[in-house]
Every structure is written in C-alpha cells, then in structure tokens.
Amino acid sequence: MSRSLCRRIWVHSISDGVPRRSLLAAAVVGTILNLINQGDGLMGLAPLNFPKMILTFIVPYFVSTYGAVCYCLNAISRVEDMQPASRDTVAHMADNIGEQEAALEERASRLPVTRKWQ
C-alpha cells in the first residue's frame, strides 16, 4: 500500500463526521451484542468477560469506519475516472431537461385561466 493511499485512508477515517457516526454505531450495536452475549453476566448470574465486552464495542466501530472510508474512496475514484464522454452525456441530459421544462411552460400558458372562488 502506498503512502498516499494510507494517508487518504487516514484522512477519510477522521473527517466528515465518520468518527461520530462510527461511535454511535458502535454504541448501539455493541450494547445490543453485549446484552445478547453477556446477559447472564450483566444480571450477575455469571462472571463478566471484560476483554469480550471491549471487543464487542471496538469491532462495530472499525467495521463502520471501514465502510465509510471504502465508500469515500470509491466515490472519489468514480469521479476521477469519469471520461469526457460521460460529462458530455450529463450535459446532454441537462439540455433535455431544460427543453422539457420549456415545453411544459408553453403548454401551461395555453391552458384556460379559471376564476378563483370568491
């Protein structure tokens, strides 16, 4: 892995609210999993396994962060890989939308005007 890629991964993992969303996901998922996996220990019926409790929160944090970073890197690579033909296609689509809006406005201007109820 190049230094550039490692730096991009690091930047994306600490920016744009990724840590906050990952912490929220870890808190929710980790709590549910701890209740399922160590419910007896939490109710005092069995001993608690603290390393498992900690890992149960850490793993969802890293999974959520990994997903967010992969999404960001994929989105950036798609934008960087856009060919001029793709940009032309987008411009053509925008022109078609403009033509359709003009046609709808022209049709609307021909509709009969009704009086509002008084």
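Is Phe62 buried or exposed, judged by its relative accessible area? Phe62 is exposed, with a relative accessible area of 54%. Here buried means under 20% relative accessible area, exposed means over 50%, and partly exposed lies in between, using a 1.4 Å probe and protein chains only.

## The model

This is a predicted model, in which local features need pLDDT of at least 70, side-chain atom pairs count only at pLDDT 80 or more, and totals for chains, interfaces and linings use all residues. Residues are numbered from 1 along each chain as its sequence is written, and side-chain values use heavy atoms, with hydrogens and water left out.

## Overall fold

The protein chain contains 5 helices and 0 strands, and its pattern along the sequence reads α-α-α-α-α. Helices (H or I, at least four residues) and strands (E, at least two) are DSSP runs, numbered from the N terminus.

Of the 118 residues in the protein chain, 14% are buried. A contact means heavy atoms within 4.5 Å. Among contacts between residues at least 6 apart in sequence, 60% join residues at least 24 apart.

## Surface

The protein chain exposes about 9,900 Å², and carbon and sulfur atoms supply 65% of that area. Accessible areas come from the Shrake-Rupley method with a 1.4 Å probe; for residues, only the protein chains shown count as cover.

Leu24, Val28, Val29, Ile32, Leu33 and Ile36 make a nonpolar surface patch of about 530 Å². Patches are made of residues with over 30% relative accessible area and no salt bridge; like charges are joined within 9 Å, and nonpolar side chains (Val, Leu, Ile, Met, Phe, Trp, Tyr) within 5 Å. A salt bridge is a side-chain nitrogen of Lys or Arg within 4 Å of a carboxyl oxygen of Asp or Glu.

## Helix α2

Helix α2 covers residues 18-37 and includes Ile36. Ile36 counts as exposed because its relative accessibility is 60%. Leu33 also belongs to helix α2. With a relative accessible area of 33%, Leu33 is partly exposed. Leaving aside neighbours within four places in sequence, Leu33 is in contact with Gln38 and Thr56. The C-alpha atoms of Leu33 and Pro60 are separated by 10.0 Å, although these residues are 27 residues apart along the chain.

Asn34 is another residue that lies in helix α2. Asn34 counts as buried because its relative accessibility is 3%. Not counting residues up to four places away in sequence, Asn34 touches Gly39, Leu42, Lys52, Met53, Thr56 and Phe57.

## Helix α4

Helix α4 has 31 residues. From its first C-alpha to its last, α4 reaches 45 Å, close to the 45 Å expected at 1.5 Å a residue. The expected span of a helix is 1.5 Å times one less than its number of residues.

The buried residues in α4 are Met53, Thr56, Pro60, Thr65, Ala68, Val69 and Leu73. They pack against α1, α2 and α3. Val63, by contrast, is in helix α4 and counts as exposed at 55% relative accessibility. Val63 and Ser22 are 41 residues apart in sequence, and their C-alpha atoms are 8.2 Å apart in space.

Ser13 is in helix α1. Ser13 counts as buried because its relative accessibility is 12%. Not counting residues up to four places away in sequence, Ser13 touches Val18, Pro19, Thr65 and Val69.

Asp16 sits in the loop between α1 (3-13) and α2. Phi of Asp16 is near 55°, a positive value in a residue other than glycine. At 59% relative accessibility, Asp16 counts as exposed. Ala46 is in the loop between α3 (39-42) and α4 (50-80). Ala46 has a relative accessible area of 32%, so it is partly exposed. Not counting residues up to four places away in sequence, Ala46 touches Asp40 and Gly41.

## The aromatic pair

A search of the whole structure finds 1 aromatic pair. Tyr61 and Phe62 form this pair, which is edge-to-face, at 5.6 Å centre to centre and with 80° between the planes. Rings of Phe, Tyr and Trp (its six-membered ring) pair if their centres lie within 6.5 Å; planes under 30 degrees apart count as stacked, over 60 as edge-to-face and the rest as tilted.

Tyr61 counts as partly exposed because its relative accessibility is 23%.
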